[in-house]
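Biologist: I have a chain open on my screen. Can you walk me through it?

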Amino acid sequence: MIVQSVERTFDIIEALSHEKDGLGLTDIGKKVGLHKSTVFRLLSSLAEKGYIDKNPKTANYRLSLKFIELSSTFLNNLELKTEALPFLKKLASLTTQAVYFAILDGWEVIYIEKVETFESIRKYDIIGKRAPSYCTSLGKSLLAGLTEEEIRERFQGMPLTAFTPNTITSLDRLIQEVDLIRKRGWSEDDEEYEEGLRCIAAPIYDYRNCVIAAVSTSGPKNIISKDRTGAISQYVVEAARDISKRMGYMPSRDT
């Protein structure tokens with residue numbers, strides 16, 4: 001079912017996309033076949049979200065740079081997934097468990113790719129879903145790319161809800177763990193988000209030496225067991241390093 005206001009909004013966006021210098025309110029109305037009052041209301045909503053600019057001299061409306069920002073983010077994530085996929089498959093083969101790939105949005109993790117194996121117990125679709133960063137291995141690896149001040153800002157006024165008895169619920173303790181992750185190069189979720197499951201992750205860096213994503217492997221605690229942490233973390237770190245290199249990361253000699 002088509003939602004009329006959404007359809008009209010996209011008609012306006014498409015009309016403006018062909019106009020370098022923008023269009024006035026009357027001209028937009030003529031192009032999309034809408035009354036000026038309707039056009040003004042939709043433009044006001046787009047402007048409030050930062051998608052439309054108005055030239056104070058000509059009173060013309062045009063698309064803002066936010067569309068370029070969105071396109072850039074989409075293309076970067078697309079490239080990131082394409083470059084990462086061979087290494088995700090290799091990691092899944094080595095661990096015989098599901099492998100996940102995610103980015104950070106605010107205080108949450110967004111899953112952008114996964115690779116399953118026959119032995120994996122998790123078969124549901126997770127791409128596009130979100131999870132808290134503070135109690136997932138992916139999230140903690142992603143937080144390692146932030147300063148302490150940035151982490152505190154993201155979690156300001158937000159309680160760290162306990163999902164299991166192992167969930168970290170203290171921001172100070174989370175910051176201490178993130179500091180450890182920076183030093184050793186990998187993170188762990190020891191039944192913190194879901195009982196019975198353990199996960200190990202590592203951050204992905206780009207050419208600016210910035211954390212842009214994270215990779216993890218996850219499975220039952222008897223398979224991703226504590227006595228296998230050393231071997232599995234090495235597999236994950238190697239996958240993260242290989243993907244980082246494909247994204248232009250150049251590790252320093254003392255790394």
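Modeller: We can go from the overall build to the helix packing, the salt bridges and one proline.

Biologist: What am I looking at, and how are residues numbered?

Modeller: This is a predicted model: local features need pLDDT of at least 70, side-chain atom pairs count only at pLDDT 80 or more, and totals for chains, interfaces and linings use all residues. Residues are numbered from 1 along each chain as its sequence is written, and side-chain values use heavy atoms, with hydrogens and water left out.

Biologist: How many helices and strands does the chain have?

Modeller: Eight helices and eight strands. Both are DSSP runs, numbered from the N terminus: helices are H or I with at least four residues, strands are E with at least two.

Biologist: What box do the C-alpha atoms fill?

Modeller: Roughly 70 × 45 × 40 Å, taken along the principal axes.

Biologist: What share of the chain is buried?

Modeller: Buried residues make up 44% of the 255 residues. Buried means under 20% relative accessible area, exposed over 50%, and partly exposed in between, with a 1.4 Å probe and protein chains only.

Biologist: And contacts between residues at least 6 apart in sequence: what share joins residues at least 24 apart?

Modeller: That share is 56%. Contact means heavy atoms within 4.5 Å.

Biologist: On to the helices. At what angle do H1 and H2 cross?

Modeller: At roughly 110°. H1 covers residues 4-17 and H2 covers residues 25-32, and their axes come within 10 Å. That makes H1 roughly perpendicular to H2. The crossing is right-handed.

Biologist: Remind me of the conventions.

Modeller: Axes are lines fitted to C-alpha atoms, for helices over the stretch in contact, and angles run from 0 to 180 degrees between N-to-C directions. Under 35 degrees counts as roughly parallel, over 145 as roughly antiparallel, 65 to 115 as roughly perpendicular, and the rest as oblique. A crossing is right-handed if the near helix is turned clockwise from the far one by less than a right angle, and left-handed if anticlockwise.

Biologist: Which residues meet there?

Modeller: From H1, Asp11, Ile12, Ala15 and Leu16; from H2, Ile28, Lys31 and Val32. The contact of H1 with H2 has five nonpolar, no polar and two charged residues. Here Ala, Val, Leu, Ile, Met, Phe, Trp, Tyr, Cys and Pro count as nonpolar, Asp, Glu, Lys and Arg as charged, and the others, Gly among them, as polar.

Biologist: How do H1 and H3 pack?

Modeller: At about 80°, with axes 10 Å apart; H3 is residues 36-48. H1 and H3 are therefore roughly perpendicular. On the H1 side, the residues include Arg8, Ile12 and Leu16, and on the H3 side Val39, Leu42 and Leu46. The contact of H1 with H3 divides into seven nonpolar, three polar and one charged.

Biologist: And H2 with H3, at what angle?

Modeller: About 105°, with axes 9 Å apart. That makes H2 roughly perpendicular to H3. Among the residues that meet are Ile28 and Val32 in H2, and Phe40 and Leu43 in H3.

Biologist: New topic. How many salt bridges are there?

Modeller: The count comes to 16. A salt bridge is a side-chain nitrogen of Lys or Arg within 4 Å of a carboxyl oxygen of Asp or Glu.

Biologist: Which residue pairs with arginine 130?

Modeller: Glutamate 108, with the closest N and O atoms 3.0 Å apart. Arginine 130 lies in strand E5 and glutamate 108 in strand E4, so the pair ties together parts 22 residues apart in sequence. Arginine 130 is partly exposed at 42% relative accessible area. Glutamate 108 is partly exposed too, at 22%.

Biologist: What about arginine 198: buried or exposed?

Modeller: Arginine 198 is buried, and so is glutamate 188. They form a salt bridge, with the closest N and O atoms 1.9 Å apart. Glu188, Asp190, Arg198 and Lys226 are linked in a network of salt bridges.

Biologist: Last one. Where is proline 203?

Modeller: In strand E7. Proline 203 is buried, at 7% relative accessible area. Leaving aside neighbours within four places in sequence, its contacts include Ser141, Val211 and Ala240.
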